[in-house]
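I wanted to know how this protein is divided and what lies at the boundary between its parts. My notes follow in the order in which I looked things up.

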Amino acid sequence: MPALTVGFDLDMTLVDSRPGIAAAYRALTAKTGVPVDAELAVSRLGPPLRTEIAHWFPPEQVESAVRLYRELYPAYAITPTLLLPGAREAVDAIRARGGRVLVVTSKIGRLARLHLDHLGLTVDELAGDLFAEEKATALREHGATHYVGDHVADMVAAAAAGVPGIGVTTGPCSSADLRAAGAEVVLDGLTEFPAALDGMIQLALEQ
């Protein structure tokens with residue numbers, strides 16, 4: 001088996017970004033006058049930003065709204081975001097076994113990096129602006145042996161990369177949803193990750 005290399009999604013897998021993202025959406029509404037239900041938007045994090053923006057803005061305004069949201073994001077979304085329970089310990093458990101840590105997210109890389117730097121979470125590689133099967137490219141490129149995520153699309157990414165998908169129910173998708181999408185293991189959160197890691201390594205050996 002290649003060296004242990006675990007990929008993680010970011011939003012609602014490693015970090016609870018809902019308060020910050022909601023603040024960014026409220027700022028977007030204030031700037032544009034277009035009402036966005038921030039609480040509804042953050043209840044379904046996972047798909048690319050354009051997908052959510054398209055629910056609120058007419059097609060000809062989506063790209064400009066995406067640009068403005070990303071301009072506002074550093075001022076509104078970084079400070080309120082917190083590590084989810086167990087995130088730092090999960091990374092430490094991988095490193096204790098000589099492994100590497102990737103973050104592969106639909107968020108663009110420079111904004112994802114702001115979160116990681118603010119929270120003091122060091123990772124070996126970061127790939128952004130990828131969703132579902134697109135994430136598999138980065139997982140293969142960096143030699144991922146597992147992928148951990150909270151969304152059914154993350155399990156699709158793991159399957160496309162040919163690695164076990166590890167689901168966590170800290171996001172919008174239920175355990176049943178994650179298993180139906182191909183999760184090999186489902187955890188209630190990353191607090192369970194260190195104890196489960198050796199079993200997940202064995203699982204990858206059997207792939």
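This is a predicted model: local features need pLDDT of at least 70, side-chain atom pairs count only at pLDDT 80 or more; totals for chains, interfaces and linings use all residues.

I began with the division of the chain: domain 1 takes in 5-16 + 82-206, and domain 2 covers 18-78.

I then looked up the spacing of the two parts and found the C-alpha centres of domain 1 and domain 2 to be 24 Å apart. To the contact, domain 1 gives 16 residues and domain 2 gives 14 residues.

Next I turned to the area, and noted that domain 1 and domain 2 bury about 1,300 Å² between them, with 61% of it on carbon and sulfur atoms. Which three residues supply more than any others of the area that domain 1 buries against domain 2? They are Asp16, Leu111 and His115, which together account for 30% of that area.

Between domain 1 and domain 2 I recorded four residue pairs in polar contact, counting pairs with both residues at pLDDT 80 or more.

Last, I asked what makes up the side of domain 1 that touches domain 2, and found that helix α6 (residues 109-119) contributes the largest share, five residues. Sorted by class, that side of domain 1 has six nonpolar, four polar and six charged residues.

Key:
Residues are numbered from 1 along each chain as its sequence is written. Side-chain values use heavy atoms; hydrogens and water are left out. Domain bounds come from an automatic or database domain assignment. Contact means heavy atoms within 4.5 Å. Buried area is the accessible area (1.4 Å probe) that two parts lose on being put together, summed over both. A polar contact is a pair of N or O atoms within 3.5 Å; within protein, one must be able to donate a hydrogen and the other to accept it, and residues adjacent in sequence count only if both atoms are side-chain atoms. Helices (H or I, at least four residues) and strands (E, at least two) are DSSP runs, numbered from the N terminus. Ala, Val, Leu, Ile, Met, Phe, Trp, Tyr, Cys and Pro count as nonpolar, Asp, Glu, Lys and Arg as charged, and the others, Gly among them, as polar.
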